[in-house]
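Thanks for coming, everyone. Let me put the structure up, and then we'll walk through it.

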Amino acid sequence: MAEEVKTPDPTPPLPDGEKKALVEKPTAEKPTASGEPAKPAAKPAAPAKPAGPVPLPWTSPMVEKYRSQYGSGLDPLTYLGQNYLAVDRSLIPDILRLLREEEQFDYCVDITAAHYPKREKQFDVIWILYSFPRNERVRVKTQIADGASIASSVSIWPTANWLEREVYDMFGIQFDGHPDLKRILLPDGWKGHPLRKDYGILQQDKEWVQINLGIESGQ
Amino acid sequence: MSAETNEVSSRALLSSDASNRSALERSHLDLETAEKPYLDSNELIINMGPQHPATHGVLRVILKLDGERVLGTECVIGYLHRGVEKIAENRTYTMFNPYVDRMDYCAAVSNGLGYCEAVEKLLNVVAPPRAQYIRVILTELNRIASHQLWLGTHALDIGAMTPLFYTFRDREEILKIFEKYCGARLTTHAFRIGGCQYETYAGFEKDVNNFLTFFAPKIDEYETLLTTNRIWLERTKNVGVISGADAIALGVTGPVLRASGVKWDLRKAQPYAAYSEFDFEIPVGTNGDTYDRYLVRMEEMRQSMRIIEQAVSRIPEGAIMGKVPKVIKPPVGEIYHSIEAPKGELGYFIVSDGSTQPYRLRVRPPSFVNLQALDVMVRGLLVADVVAVIGTIDIVLGEVDR
């Protein structure tokens, strides 16, 4: 325990991956003195990681323009050289359309989501966009609550059709205005959305398996 | 289908209008108009797959037909779904590495490269130059192997059986190099986060150079079989046309996009690994039809050989592993990294919560997105052409379904 108090002091000024490796060495020597086993000794190095790179504000002419237009609903950030816009849910249809029509982000690379069950707004929905004329990528990110829906972008990028269906299939997020929102990878009658954090890795829809496959369990 | 995609498909239909069709196809059309009274009343829904050899795995396509003409399609996928993204959340970064080989199992090396580079980016680590060169050589060899497999099966679907034997014979030479390098032929697990696990074996450069001299005339051999073959031309020219604008709107990438005239390759647009150090061209097509996609992939094999030739002649000396901590624990954050896989843009979106396991790992599979364009490409064609178009998109169901 004594090391856990000590280590945060030297670590914050050493944010790089390479320097962290150096930090681990002195901590590995210490356990012999305190008599602790090797495994807990490796743990004190962990607090060093969050001290690594943090998202910084992203400034560019494009972003400034939207910033003045939408104010606090838009938070432009950059992390490890990758730019993204954290956008309020209500602004999503506007922002996506502007990015497509005025900023030439003509290629919707991917649409995906992430589940944070402990948060009030449980889901992050993420659009990864690319612009052929600008050779530039940008991510748009928004938070939505469980059961809330989000505007479909199929009318902006036709490719969003299958991508949104997959997000619906895996997370149960509804997309308003999607032409045919149904499951894509899992069978139609399946219950549950497997990429939610409360869905166990061994969990399955036993009823579906028993009725449709005629076996007791798929495992 | 939405109004937008319908618009897209009608535009695609226009460009493959009857006026620019070959004589053989026109005769088909005449036949059909003559029989119209019977066919008109018979709108038919038939099922193609999932156990259909020409769908390259377990793809089910529901076809809506008017006689032999395709009015619309719907793909039913997911038969090979293994929950790769869920598995990733329950494995450490290192443990998940071999799983990515099982997505696009025809190009396992490319999958591994994308994954390792994405995690390296998250860790803020760069692989040493020697490792980068080894990666480029193996990835480009894999691109050739993947295109060979595509060519053999695609030609077989259309009715040319011979190329299959030729391509599989030559692909064997690449697989032998893989086997000597890392012990595996297909699911190679060739790279590690931070570099490569294995140093090249004695005679690696010689083997690769031997392969290059062996393979150069083989591409010409494939071309003598197909490029001016009358049947091949009739079956591929103006079949499955997609315009550049439609391809972009549908998110299509890789050779399919380039054959539609969009000169875009991630190796040039946003270079990764050591690609910025090599001299190569991006082949593009003009018509966006099955024949152009064939030509583009043939030329890509030649360009891959150029890259390998340059890389193998100047592999730098030095370490093959970067400074990576024993336990991989990337800092809190998220990253998207993509590479030009043989089938298109393969991306990994990783969210780290600072633990040893990814909090969320999303794979952006090129085959999945490209397959969505099937409907636009086959409308108005004949059933036999659907087989040709599925082949030309070059899908691997392991990657579509994940």
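**A walk through chains A and B**

Start just after α17(B): Asp394(B) takes a positive phi of about 60° there. Keep in mind that this is a predicted model.

Now step back into the helix itself. α17 of chain B covers residues 383-393. Is this helix enclosed or open? Nine of its 11 residues are buried, so the rest of the structure largely encloses it. The buried ones are Asp385(B), Val386(B), Val387(B), Ala388(B), Val389(B), Ile390(B), Gly391(B), Thr392(B) and Ile393(B).

Next, a helix pair. In general, two packed helices are described by the angle between their axes and the distance between the axes. Take α8(B), residues 162-182, and α9(B), residues 204-226. They pack at an angle of about 170°, with axes 10 Å apart. Angles over 145 degrees count as roughly antiparallel, so α8(B) is roughly antiparallel to α9(B). Their crossing is left-handed. On the α8(B) side, the contact residues include Tyr166(B), Ile174(B) and Ile177(B). On the α9(B) side, they include Phe211(B), Phe214(B) and Phe215(B). What is the make-up of this contact? There are 13 nonpolar residues, two polar and six charged.

Now the core. In soluble globular proteins, nonpolar side chains tend to be buried together. Here the largest nonpolar core has 154 residues. Which members touch the most others? Leu129(A), Val119(B) and Ile137(B). Helix α7 of chain B, residues 129-158, supplies the largest share of this core, with 14 residues.

Leaving out residues up to four places away in sequence, Leu129(A) touches Leu99(A), Phe105(A), Tyr107(A), Cys108(A), Val109(A), Arg137(A), Val138(A) and Val140(A).

That brings us to chain A. Chain A has eight helices and eight strands. Of its 219 residues, 32% are buried. Take the chain A contacts between residues at least 6 apart in sequence: 45% of them join residues at least 24 apart.

Last, where the chains meet. The contact takes 43 residues from chain B and 40 from chain A. On the chain B side, the elements giving two or more residues include α1 (3-15), α6 (108-123), β6 (333-341) and β8 (358-364). Which element of chain B gives the most? β7(B), with four residues. The chain B side divides into 20 nonpolar, 12 polar and 11 charged residues.

That's my tour. Over to you.

How values were computed:
Residues numbered from 1 in each chain as written. Chains lettered and ligands numbered in written order. Predicted model: local features only at pLDDT ≥ 70, side-chain atom pairs only at ≥ 80, totals over all residues. Buried ≥ 20, exposed ≤ 12 C-beta atoms within 10 Å, placed from the backbone. Contact = placed C-beta atoms within 7 Å. Nonpolar A, V, L, I, M, F, W, Y, C, P; charged D, E, K, R; others polar. Axes fitted to C-alpha atoms, helices over the stretch in contact; angles between N-to-C directions. Parallel < 35°, antiparallel > 145°, perpendicular 65-115°, else oblique. Left-handed = near helix turned anticlockwise from the far one by under 90°. Core = buried A, V, L, I, M, F, W, Y, C linked by C-beta atoms within 7 Å.
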